[in-house]
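Student: I am new to this structure and would like a close look at one part of it. Please take it slowly and keep to plain terms.

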Amino acid sequence: MRRDGSGVSGRHRLGIGIFLAPVLILYVAFFLYPLVFISITSLMEWTGISKAQFIGFENYKKLFSDSTFIIGIRNNFIWAFASGFIQIPLATLVALILARKPPLWKFLRTLYFLPNVISAVALAMLWKAIYNPAYGLLNGLLSLLGLPGHNWLGDTATALTAVIAQSVLYIGYFMIIILAAITNIPDSLYEAAEIDGASVVQQTFRITLPMISGTLVTSITLAMAYGMRHFEATFLMTGGGPAYATTTMGIQLYNKMDAFRYGEASAIGAILILLGTVLIVLIRSLLSKNDPMAEAAQ
Amino acid sequence: MNSVQRTLKQQTASVLGKAGVFIVLAFFFIIAAFPLVWLFISSLKTNLELQISPFTLPKVLQWSNYGNALKMANLPALFLHSIYVAFGAVSLNLLVTSLAGFVLSREQFRGRELVYTLLTAGVLVPIISFMVPYFTLITRVKLYDNLIALIIVYASINIPVSIFLVTAFMRSIPKEMEEAAVIDGCTFVQRYTKIVLPLAQTGLVTAGTFCFIYAWNEFIMALLLTSSSSSRTLQLGIRFFTSQFVTDYTSMYAAIMISIIPSIALYTMLHNRIISGLTAGAVKG
């Protein structure tokens, strides 16, 4: 909107600049500068105190020849796939059910999202208590059924599954996004299908899922990106153990930093960003190209 | 005969379908609610009761667990720190994003789309990869172990989400009101303070709620950027309880309950705003 027809005046332009300046300063300081910072320091030997020394790609070479770092990458990919291909289908299933407006659906929608507003610290403590071998909820339930208990987080065979399971079962965030997309589908499509005698299952596969394929691809991509950057629940529940069974790139970044190996920590940060970006681009192009449903919706 | 079989088949299918639906909804109900309910009940038991029978109700409600939690972990001070950080972060975040959102939604200028895309693309960045630069930056500006550092960091991390929500909301405000106000001699700044800002309240509340929940719950940056108990937040506090309450689990549960009450209260009051804020992005795909 302009005060006259002569275009943006100098004073006006100054006003725009002043209004944008605070957000841009913070954005540069906490998004762009860190990006440049880790790109450069990842090529350096640096303890945070000593003078940094340029060493090329040595940090990266070191990381990729370190078997525990490889376990971290592998675990992040497991996180990403569990989030994208277990969490999202579950969220979709619940969204499809709630979209048909069963009794209490609004209450359930609100309740399913509740864990998302509770801190990772509190949830981690909670799940540690659930998995606790001595008095935990899970072993208690198992003993009610006459089954033996298990040290879920202490056993390398079950620790990763246990940590991922508690995160993947919190479907609220994606369920709400998918539910909104379903609600946006025009009723007329279903009315026509109803006249043709299509069953609920047919309607779901022929109308609902193709119509929300865009949202599903976005949700899978986002969920996988979150899986790649996973940190808090693992840090708080197992610290990456036992014996690196649950370690992730984020955990290793923190440990490197704790050991004053800032150059390597930055390299992990850079790998995290790169792998995350590659995964997002790859998944998006794979899913929207080879998925006939996505094409049908376009 | 054939049609009878068909209806029978349909009825069985619909009964099975209904049972399946019920099981799915009940399962996720339990996942979302049961741990919290169990935590609350456990926080009112004695430690002995917890160990012998983790699922029964307490014989006598042990409200003293809450008293213990408040005393032993210096919880009131931590609570105040978290309130200060969360309100500070929300205020700073809303101030800067509402200024920018006003310009991005109401003004025409070169580079507008670029600025908007750049700011909102920030959600794609994994913030944990920035641990080293954040630590270095905060130390250099002498804000290490200062709650102000957390305010600035949390407000900044929430810029992408808030810009998205605030700008979208401001775009939906009709321009006619501003045009009339300009004819009446309203200046650039007055258009922001007197017209757009009051009308954008709903959008600001939504963005502020997201920022508050983030700041209230954040753990890793608080761990990284503070060290002394005078700048310890609630999340760090309950993390350290594990070592303090070595055997007193029920008091630890009481402390965790205290730490999540604000989130649950806020969510109960504003869940419709939060849900509509989440779905604002869903429609675009």
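Is Asp145(B) buried, partly exposed or exposed, and how many other C-beta atoms lie within 10 Å?

Tutor: The model is a predicted one. Asp145(B) is partly exposed, because 15 other C-beta atoms lie within 10 Å, and that class falls between the limits of 12 or fewer for exposed and 20 or more for buried. Along chain B, Asp145(B) sits in the loop that runs between α6 (131-140) and α7 (147-157). Its backbone also deserves a look: phi of Asp145(B) is near 65°, a positive value in a residue other than glycine. As background, most residues other than glycine have a negative phi, and most peptide bonds are trans.

Chain A has a loop where both points of that background apply. This is the loop between α12 (232-237) and α13 (249-258) of chain A, where Pro242(A) is found. The peptide bond leading from Gly241(A) to Pro242(A) is cis, with omega near -10°. Next, Ala243(A) lies in the loop between α12 and α13 of chain A. Ala243(A) is not a glycine, yet its phi is positive, at about 50°. Ala243(A) counts as exposed, because 11 other C-beta atoms lie within 10 Å.

Tyr244(A) is also found in the loop between α12 and α13 of chain A. With 18 other C-beta atoms within 10 Å, Tyr244(A) is partly exposed. Leaving out residues up to four places away in sequence, Tyr244(A) touches Thr68(A) and Ile71(A). As for Gly56(A), 188 residues separate it from Tyr244(A) in sequence, and the two are 28 Å apart in space, C-alpha to C-alpha.

Chain B is divided into domain 1, covering 2-42, and domain 2, covering 64-280. Taken over C-alpha atoms, the centres of domain 1 of chain B and domain 2 of chain B are separated by 38 Å.

The two chains also meet. The contact takes 68 residues from chain A and 66 residues from chain B. On the side of chain B that touches chain A, helix α1 (residues 2-42) gives the most, with eleven residues. The residues on that side of chain B comprise 48 nonpolar, twelve polar and six charged.

To return to the residue asked about: Asp145(B) is partly exposed, its place is the loop between α6 and α7 of chain B, and its phi is positive, near 65°.

Key:
Residues are numbered from 1 along each chain as its sequence is written. Chains are lettered from A and ligands numbered from 1 in the order in which they are written. This is a predicted model: local features need pLDDT of at least 70, side-chain atom pairs count only at pLDDT 80 or more; totals for chains, interfaces and linings use all residues. Helices (H or I, at least four residues) and strands (E, at least two) are DSSP runs, numbered from the N terminus. Two residues are in contact if their C-beta atoms, placed from the backbone, lie within 7 Å. Ala, Val, Leu, Ile, Met, Phe, Trp, Tyr, Cys and Pro count as nonpolar, Asp, Glu, Lys and Arg as charged, and the others, Gly among them, as polar. Domain bounds come from an automatic or database domain assignment.
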